[in-house]
Amino acid sequence: MANLREAQKQMTRRLLLESGLDLFKTKGYAATKVDDIAKAAGTTRVTFYAYFPSRSDLMKALIDEQLNEALQRVRSPEHGSTAQGLVATVTEGTPEAIMAWLRQAADSWPTIRPIIRIGRDAAVVDPDLTDLVERWLEEAISDIEDGLTAAGRLEPHQRHFRGVLAMAELDYVAQHWDRTDWKLTREQMLDELGASWVRLLA
């Protein structure tokens with residue numbers, strides 16, 4: 001019986017997260033109220049608050065859980081979260097490893113793009129969420145720095161900033177790829193992005 005109750009609690013929480021994400025995408029973060037999320041999840045405001053103290057806490061959970069899950073990031077005492085695959089890729093540093101990681105990351109763009117966009121929109125109207133996405137990106141930058149450090153590649157003062165440059169490129173392309181006509185195919189875009197990452201990190 002206890003296991004059934006726990007499963008029901010997890011299902012309700014998941015429904016609230018999914019309903020919140022759907023509404024944030026369609027109505028925008030500022031226009032979405034707690035009552036809207038609860039109703040869309042088939043529950044009540046009281047139940048919402050039993051799981052999340054506020055709308056901003058639900059947004060933080062979307063970043064912490066759904067975004068990290070999509071990118072295979074796990075909790076890290078040093079950085080908040082880490083993607084061991086990214087650390088290992090940068091440590092290896094071969095063009096083949098970097099291209100393989102970027103292809104895998106690009107496959108997740110449809111999932112991660114709306115969460116990052118909503119997170120940035122939310123930061124504009126909610127002081128609790130200021131720099132939420134940027135803090136998360138800093139964790140990914142630290143993964144790159146850790147990979148460069150493990151490989152003994154580049155000077156110590158270069159490693160973090162090379163991660164900044166690599167993640168800035170990746171973030172910009174991921175956020176704009178579906179909105180622009182850069183006059184190249186997806187494969188050409190990944191080849192160009194990969195070549196840039198190799199120059200920065202290998």
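Rings of Phe, Tyr and Trp (its six-membered ring) count as a pair if their centres lie within 6.5 Å, and planes under 30 degrees apart are stacked, over 60 edge-to-face and the rest tilted. The model is predicted: local features need pLDDT of at least 70, side-chain atom pairs count only at pLDDT 80 or more, and totals for chains, interfaces and linings use all residues. Residues are numbered from 1 along each chain as its sequence is written, and side-chain values use heavy atoms, with hydrogens and water left out.

View 1. Phe48, Tyr49 and Phe52 form one aromatic cluster. The structure holds six aromatic pairs. One of them is the tilted pair of Phe24 and Tyr29, with 5.0 Å from centre to centre and 50° between the planes. Both Phe24 and Tyr29 are buried (buried means under 20% relative accessible area, exposed over 50% and partly exposed in between, with a 1.4 Å probe and protein chains only). Arg55 lies over the face of Tyr29, at 4.0 Å from the ring centre; a charge sits over a ring if NZ of Lys or CZ of Arg is within 6 Å of the ring centre and within 35 degrees of the ring normal.

**View 2. The stacked pair of Trp101 and Trp197.** The two rings stand 5.5 Å apart, centre to centre, with 20° between their planes. Trp101 belongs to helix α6 (residues 95-107) and Trp197 to helix α10 (residues 186-201), so that the pair links distant parts of the chain, 96 residues apart. Helices (H or I, at least four residues) and strands (E, at least two) are DSSP runs, numbered from the N terminus. Trp101 has a relative accessible area of 16%, and Trp197 one of 1%.

**View 3. The two sides of helix α5.** Leu86, Val87, Thr89 and Val90 are buried in α5 (residues 84-92). They lie on the same side of the helix because they cover an arc of only 165° around the axis, taken from the directions from the helix axis to the C-beta atoms. Gln84 and Glu92, on the other side, are exposed. Gly93 follows α5 and has a positive phi, near 75°.

**View 4. Residues around the centre of the largest pocket.** Of the 22 lining residues, Leu71, Trp101, Ala105, Ser108 and Leu170 are the closest to the centre. On a 1 Å grid over the protein atoms alone, a pocket is an open set of points where a 1.4 Å probe fits, with protein on both sides within 12 Å along at least five of seven lines, and lining residues have an atom within 4 Å of a point. Helix α9 (156-176) supplies the largest share of the lining, five residues.
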